[in-house]
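Reader: Could you walk me through the side-chain interactions in this model? I'd like the general idea each time, then the case at hand.

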Amino acid sequence: MSTDPRVLPSGRILRYNLRERVIHWMAGLSYIYLLLSGLAFWTPWMWWLALFLGGGPVARAVHPWIGLIFTFAVLYMFKLWYGDMRITKTDREWRAMIGSYVRNEEESLEPVKAVRTFQQWAPVDRFNYGQKYLFWVMFWGGIVLFLTGMVLWFTDYIPWSLRFLRLISIFLHPLAFLVTLAGFIIHVYMGTAVVRGGFTSVIRGEVSEPWAKFHHRLWLERITGQPTAKK
């Protein structure tokens with residue numbers, strides 16, 4: 001029997017501990033605020049969003065501070081998950097089947113069986129290739145948002161000789177926003193509509209053993225110390 005603390009006495013598997021869940025929601029909620037206030041600043045067509053954020057002056061004053069919270073959360077997630085987010089050879093094998101994964105083809109064929117064969121699906125560790133790719137998109141996008149945001153926040157302190165930094169930031173800040181927005185939408189869609197049980201796992205923290213076997217077989221084998229059947 002495994003002594004790994006992620007194997008709970010109930011037989012369920014701890015997917016995310018409390019610290020991971022708190023930092024995940026800190027990043028998510030702060031990003032939603034930045035998304036709404038950023039859209040309000042970006043175009044007059046979206047200015048009405050500021051009404052729900054305390055008004056334009058309040059949103060403008062709060063936006064960079066919430067940006068610092070988001071940056072802290074992104075950096076902390078990097079510290080927590082860097083080891084799990086490195087791209088491996090198995091990830092590159094799994095990438096060839098990502099289209100079938102998005103379409104949920106295998107689960108629709110065997111909805112009650114925790115079976116994904118190696119011949120059709122490369123076994124997945126704690127995070128699959130898509131999750132890892134999203135992590136790096138949000139991490140580097142967050143870094144660009146932070147750096148350009150600091151330039152735009154303290155633009156009065158930038159010497160005239162470095163004015164090009166402000167011009168670059170005016171272009172890169174909304175570009176990084178659009179890239180991270182696409183990643184955010186995909187993340188929410190996959191976690192709620194495609195992978196059943198994914199959303200509750202970042203609330204309660206635990207998943208069933210069949211769920212872990214179906215979606216992350218290598219990770220389950222690693223924490224239980226027992227190979228699962230490869231039918």
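Reader: Which side chains meet in a salt bridge at 3.6 Å, N to O?

Author: A salt bridge here is a side-chain nitrogen of Lys or Arg within 4 Å of a carboxyl oxygen of Asp or Glu. Glutamate 221 and arginine 217 make one, at 3.6 Å from N to O. Both sit in helix α10 (residues 217–224), four residues apart, about one turn of the helix. Helices (H or I, at least four residues) and strands (E, at least two) are DSSP runs, numbered from the N terminus. Before we go on: this is a predicted model, where local features need pLDDT of at least 70, side-chain atom pairs count only at pLDDT 80 or more, and totals for chains, interfaces and linings use all residues. Residues are numbered from 1 along each chain as its sequence is written, and side-chain values use heavy atoms, with hydrogens and water left out.

Reader: Are glutamate 221 and arginine 217 buried or exposed?

Author: Buried means under 20% relative accessible area, exposed over 50%, and partly exposed in between (1.4 Å probe, protein chains only). Glutamate 221 and arginine 217 are both buried. Compare another pair: lysine 89 and glutamate 93 form a salt bridge at 2.7 Å, N to O, and both lie in helix α3 (residues 89–95), four residues apart. There lysine 89 is exposed at 57% relative accessibility, and glutamate 93 is partly exposed at 31%.

Reader: How many salt bridges are there in the structure?

Author: Eight. One of them joins glutamate 206 to arginine 12, with the closest N and O atoms 2.7 Å apart. Glutamate 206 is in strand β2 (residues 206–207) and arginine 12 in the segment before β1 (13–14), so this pair ties together parts 194 residues apart in sequence. Arg12 and Glu206 also belong to a salt-bridge network with Arg204.

Reader: What is the nearest side chain of opposite charge to arginine 21?

Author: For charge, Lys and Arg count as positive and Asp and Glu as negative; His and the chain ends are not counted. For arginine 21 the answer is glutamate 20, 7.0 Å away; arginine 21 is buried yet has no salt bridge. Arginine 21 lies in helix α1 (residues 18–42). Contact means heavy atoms within 4.5 Å, and among the residues arginine 21 touches are Leu14, Tyr16 and Arg204.

Reader: Which residues have the most contacts inside the largest nonpolar core?

Author: A nonpolar core is a set of buried Ala, Val, Leu, Ile, Met, Phe, Trp, Tyr and Cys residues joined through side-chain atoms within 4.5 Å. In the largest, of 32 residues, they are Tyr31, Trp81 and Phe177. The largest share of this core, eight residues, comes from α1.

Reader: How many aromatic pairs are there?

Author: Rings of Phe, Tyr and Trp (its six-membered ring) pair if their centres lie within 6.5 Å; planes under 30 degrees apart count as stacked, over 60 as edge-to-face and the rest as tilted. That rule gives 21 aromatic pairs. Take tryptophan 25 and phenylalanine 199: their ring centres are 6.0 Å apart and their planes at 85°, so the pair is edge-to-face. Tryptophan 25 lies in helix α1 and phenylalanine 199 in helix α8 (residues 198–204), so the pair ties together parts 174 residues apart in sequence. Tryptophan 25 is partly exposed at 30% relative accessibility, and phenylalanine 199 is partly exposed at 39%.

Definitions and conventions. Lists of a residue's contacts leave out its neighbours within four places in sequence.
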